[in-house]
Amino acid sequence: MIGSRCLNASIINFEIQEYHAEFYSDQYFSVCPAFPRQVDGYVELSDAPGLGLPFDEAEIAKYPPLRRVHARGGRIKGI
């Protein structure tokens, strides 16, 4: 989603893209405090290098990787 947002910003005749970050769980914003938020219907682009999304390593450590479930009917839940 973030990469497509940057691509869309570079297309001169781009019009609109759905952006659902306001419905994400709070974990997304604690792990990545610079995650872009919608303000008055617009999402501002970051001027930081790359995608401009630094991660909080200490916060990421609170959510260890999930083990794969190999049994039939098992589910994998993430953030």
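Accessible area here is the area found by the Shrake-Rupley method with a 1.4 Å probe. By that method, the protein exposes about 6800 Å², and carbon and sulfur atoms supply 56% of it. The model is a predicted one.

The protein has 79 residues, of which 16% count as buried. Its secondary structure consists of 3 helices and 2 strands. Going along the sequence, these elements come in the pattern α-α-β-β-α. Contacts can also be sorted by how far apart the partners are in sequence: among those between residues at least 6 apart, 35% join residues at least 24 apart.

Alanine 9 lies in helix 1. Its relative accessible area is 47%, so alanine 9 is partly exposed, since that class runs between 20% and 50%. Alanine 9 is 35 residues from glutamate 44 in sequence, and the C-alpha atoms of alanine 9 and glutamate 44 are 10.0 Å apart in space.

Phenylalanine 14 is found in the loop between helix 1, residues 2-10, and helix 2, residues 26-31. With 35% relative accessibility, phenylalanine 14 counts as partly exposed. Together with Leu7 and Ile11, Phe14 forms a nonpolar patch on the surface, and the accessible area of the three together is about 250 Å².

Next come the aromatic rings. A pair of aromatic rings is described by two quantities, the distance of the centres and the angle of the planes. The whole structure contains 3 aromatic pairs. One of them joins tyrosine 24 and tyrosine 28, with 4.9 Å from centre to centre and 40 degrees between the planes; this pair is tilted. Tyrosine 24 is partly exposed, at a relative accessible area of 27%, and tyrosine 28 is partly exposed too, at 29%. Another pair is made by phenylalanine 29 and phenylalanine 35, with centres 5.6 Å apart. The planes of these two rings stand at 80 degrees, so the pair is edge-to-face, a class that requires over 60 degrees. Phenylalanine 29 and phenylalanine 35 are both buried. The four residues named in these pairs, Tyr24, Tyr28, Phe29 and Phe35, form one aromatic cluster.

The charged end of arginine 37 sits over the ring of phenylalanine 29, at 3.7 Å from the ring centre.

Proline 36 has its place in the loop between helix 2 and strand 1, which covers residues 38-39. The relative accessible area of proline 36 is 8%, so proline 36 is buried, as the limit for that class is under 20%. Proline 36 and glycine 52 are 16 residues apart along the chain, and their C-alpha atoms are separated by 9.4 Å.

Further along, phenylalanine 55 is located in the loop between strand 2, residues 42-43, and helix 3, residues 57-61. Leaving out residues up to four places away in sequence, phenylalanine 55 touches Val31, Cys32 and Ile60. Phenylalanine 55 and serine 30 are 25 residues apart in sequence, yet 8.8 Å separates them in space, C-alpha to C-alpha.

Which residues form a salt bridge? Side chains of opposite charge can pair when their charged atoms come close. A search of the whole structure finds 1 salt bridge. The partners are lysine 62 and glutamate 59, whose closest N and O atoms are 3.1 Å apart. Are the two partners buried or exposed? Glutamate 59, in contrast, counts as buried at 13% relative accessibility.

The last stop is tyrosine 63, in the segment after helix 3. Tyrosine 63 counts as partly exposed, with 30% relative accessibility. In sequence, tyrosine 63 and glutamine 27 are 36 residues apart, while in space their C-alpha atoms are 9.2 Å apart.

Key
Residues numbered from 1 in each chain as written. Predicted model: local features only at pLDDT ≥ 70, side-chain atom pairs only at ≥ 80, totals over all residues. Heavy atoms only, no water. Helix = DSSP H or I, 4+ residues; strand = E, 2+ residues; numbered from the N terminus. Buried < 20%, exposed > 50% of the residue type's maximum accessible area, 1.4 Å probe, protein only. Contact = heavy atoms within 4.5 Å. Patch = residues over 30% accessible without salt bridge, like charges linked within 9 Å, V, L, I, M, F, W, Y side chains within 5 Å. Salt bridge = Lys/Arg side-chain N within 4 Å of Asp/Glu carboxyl O. Phe/Tyr/Trp six-rings, centres within 6.5 Å; stacked < 30°, edge-to-face > 60°. Lys NZ or Arg CZ within 6 Å of the ring centre and 35° of its normal.
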